[in-house]
Amino acid sequence: VSLDHDLSALQRIWVVSEIGTAITFAPVQFRACFGIAAHVANKFRSTGETVSVRGSEASSPEDKERILWQISTMDGGLDAYDQFVNCMIELSFGVGKRLLCLERAAAAAV
């Protein structure tokens, strides 16, 4: 998954869908090819602020509802998805504290 500088792509429901589908078939990696904005990285490091699938943006409420339902039916559901994504973001900053706290489903995806 190619990360944009402010991590906004991770809040788009169709990106959520693609990540959710991909982790059931193969290892998923996050890359910040052009870097992450300093204010985003600093906020994430200092506050541990997380990205949540529940706050995803969608132009179609029906799409969002369907995709969230699909993610919720996966092993570990929405919480495991959030753990996985936030751990991968943290790893892209060179930090791995969240690895120690992953629940079973999220750990399997990493």
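## Exercises on a predicted model

Leaving aside neighbours within four places in sequence, glycine 55 is in contact (heavy atoms within 4.5 Å) with Gln11 and Lys64. The model is predicted: local features need pLDDT of at least 70, side-chain atom pairs count only at pLDDT 80 or more, and totals for chains, interfaces and linings use all residues. Residues are numbered from 1 along each chain as its sequence is written, and side-chain values use heavy atoms, without hydrogens and water.

**Exercise 1.** Locate glycine 55 and classify its accessibility.

Solution. Step one: glycine 55 lies in the loop between H2 and H3; helices are DSSP runs of H or I with at least four residues, numbered from the N terminus. Step two: its relative accessibility is 47%. Buried means under 20% relative accessible area, exposed over 50%, and partly exposed in between (1.4 Å probe, protein chains only). Glycine 55 therefore counts as partly exposed.

**Exercise 2.** Find the aromatic pair and classify its geometry.

Solution. Step one: a search of the whole structure finds 1 aromatic pair. Step two: the ring centres of phenylalanine 30 and phenylalanine 84 are 6.2 Å apart and the planes stand at 90 degrees, so the pair is edge-to-face. Rings of Phe, Tyr and Trp (its six-membered ring) pair if their centres lie within 6.5 Å; planes under 30 degrees apart count as stacked, over 60 as edge-to-face and the rest as tilted. Step three: phenylalanine 30 sits in the loop between helix H1 (13–22) and helix H2 (38–47), and phenylalanine 84 in helix H4 (residues 77–92), 54 residues apart. Step four: phenylalanine 30 is buried at 5% relative accessible area, and phenylalanine 84 is buried at 1%.

**Exercise 3.** Describe the largest nonpolar core.

Solution. Step one: a nonpolar core is a set of buried Ala, Val, Leu, Ile, Met, Phe, Trp, Tyr and Cys residues joined through side-chain atoms within 4.5 Å. Step two: the largest has 31 residues, and those with the most contacts inside it are Leu10, Ile19, Phe30, Phe84 and Ile89. Step three: H4 gives the largest share of this core, 8 residues. Step four: isoleucine 89 touches Leu7, Leu10, Phe30, Phe44 and Val51, not counting residues up to four places away in sequence.

**Exercise 4.** Which residues of H3 and H4 meet?

Solution. Leu68, Ile71 and Ser72 in H3 meet Gly77, Leu78 and Tyr81 in H4.

Methods: Helices (H or I, at least four residues) and strands (E, at least two) are DSSP runs, numbered from the N terminus.
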